[in-house]
Amino acid sequence: MSAAENRLLFAWLEVTGLCNEFCDHCYADSSPKGTHGTMTVQDWINVIDQLADIGALDVQFIGGEPTLYPHLAELIEHAHGRGLGIEVFSNLTHIHEPLWETFKAHGVKLATSYYSDEAADHDEVTRLRGSHKKTRANVEKALELGVTLRGGVVAVNPGQRVEAAARDLLALGVEQVGGDRTRAFGRASRGAAPGIPDLCGHCAHEKCAIGPTGDVWPCVLGRFLKLGNVLDTPLAKVWGGAQMASVAEAIAEVHGAGVQSCTPPQFLPMCGPCAPCVPSVGHCDPKEAGAAATIGALT
């Protein structure tokens with residue numbers, strides 16, 4: 001499929017690998033030991049410009065914890081100025097007042113993870129004491145400020161009270177609450193090498209991810225499938241290049257023309273071709289319904 005037939009509409013921008021939490025299931029293997037990588041602020045601005053020039057519609061700033069990236073506000077302002085829709089996926093534990101002002105001024109949407117209505121359960125997942133209290137308080141603040149917020153619950157530990165977590169978010173006023181199971185990428189893989197069969201098959205369909213070293217991937221989970229690097233190749237050439245075609249062909253060989261199951265990472269703003277999937281459906285993996293399906297039924 002050519003770039004003209006497969007327009008790049010959305011990109012995850014992983015601006016940092018630094019995170020103040022240390023979740024066992026983190027697909028990006030982020031932690032307090034992570035770094036901001038090798039991409040400079042100007043490099044990210046160039047990427048945003050290239051996305052806008054290509055015709056992309058939306059970006060999602062991710063990490064790591066993107067609010068720990070010192071130039072996030074600058075990048076948000078630039079993306080807004082280029083007409084891109086913006087979402088920030090944050091654990092909501094580290095948002096200072098100036099950043100709230102940036103969110104409001106530029107129509108930023110938020111997405112967050114919420115693991116339990118019980119603080120001890122949530123903090124056990126994040127391995128950060130007090131994270132539940134901060135996240136819940138900032139969920140309430142976002143809603144008070146009129147900032148659009150999506151939430152989701154990932155089933156990580158036995159007895160985690162995931163259904164109660166979803167009900168708690170709904171009770172707070174979060175209108176979109178999705179659920180998901182732990183996926184075997186990053187730390188959750190326990191050292192196993194990921195493969196194309198582990199992906200949903202929608203990778204590189206109208207979307208890509210760009211990491212803190214400039215690497216371009218078909219999605220945030222498919223980081224073992226490098227398409228190129230924006231530090232040495234313009235994004236338009238990466239997207240329409242030979243490596244992109246090779247990866248897309250390899251994905252199609254495994255998953256076929258009709259994808260058997262839709263298993264994107266949690267709470268994506270778009271996942272195509274039936275976007276939005278999570279959280280509007282909650283969980284749409286026919287092979288593994290599990291606890292997440294129960295969460296979806298609550299919404």
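A: Here is a walk through the sheet, then the core, the ring pairs and one cysteine. The model is predicted, so local features need pLDDT of at least 70 and side-chain atom pairs count only at pLDDT 80 or more, while totals for chains, interfaces and linings use all residues. Residues are numbered from 1 along each chain as its sequence is written, and side-chain values use heavy atoms, leaving out hydrogens and water.

Let's start with the sheet. The chain has nine helices and nine strands; these are DSSP runs numbered from the N terminus, with helices (H or I) of at least four residues and strands (E) of at least two. The nine strands form an open sheet with mixed pairing, in the order S6-S5-S4-S3-S2-S1-S7-S8-S9. Two strands count as paired if DSSP finds at least two bridges between them. At the edges stand S6 (176–181) and S9 (228–229), each with a single partner strand, so one side of each has no neighbour in the sheet. Strand S3 (residues 85–89) pairs with S4 in the parallel sense over three bridges, and Val-88 has Leu-110 in S4 as its bridge partner.

Helix H1 (residues 41–54) packs on this sheet, touching S1 (10–14), S2 (58–62) and S7 (207–210). Contact here means heavy atoms within 4.5 Å. The direction of H1 makes about 175° with that of S1; axes are lines fitted to C-alpha atoms, for helices over the stretch in contact, and angles run from 0 to 180 degrees between N-to-C directions.

Buried residues make up 53% of the 299 residues in the chain, where buried means under 20% relative accessible area, exposed over 50% and partly exposed in between (1.4 Å probe, protein chains only). A nonpolar core is a set of buried Ala, Val, Leu, Ile, Met, Phe, Trp, Tyr and Cys residues joined through side-chain atoms within 4.5 Å. The largest one has 68 residues, and Leu-13, Phe-61 and Leu-110 have the most contacts inside it. H1 gives the most to this core, with six residues. Leaving aside neighbours within four places in sequence, Leu-110 is in contact with residues including Val-88, Trp-100, Phe-103 and Ala-142.

Now for the rings. The whole structure holds two aromatic pairs. Rings of Phe, Tyr and Trp (its six-membered ring) pair if their centres lie within 6.5 Å; planes under 30 degrees apart count as stacked, over 60 as edge-to-face and the rest as tilted. Phe-10 and Trp-12 are edge-to-face, 5.1 Å centre to centre with 85° between the planes. Phe-10 is buried, with a relative accessible area of 1%, and Trp-12 is buried with a value of 1% too. Trp-100 and Phe-103 make an edge-to-face pair at 5.9 Å, with 85° between the planes. These two lie in helix H3 (residues 97–105), three residues apart, about one turn of the helix, and both are buried.

Finally, look at Cys-26, in the loop between S1 and H1. Cys-26 is buried, with a relative accessible area of 18%. Not counting residues up to four places away in sequence, Cys-26 touches Phe-185, Gly-186, Arg-187 and Ala-188. Cys-26 and Arg-183 are 157 residues apart in sequence and 8.8 Å apart in space, C-alpha to C-alpha.
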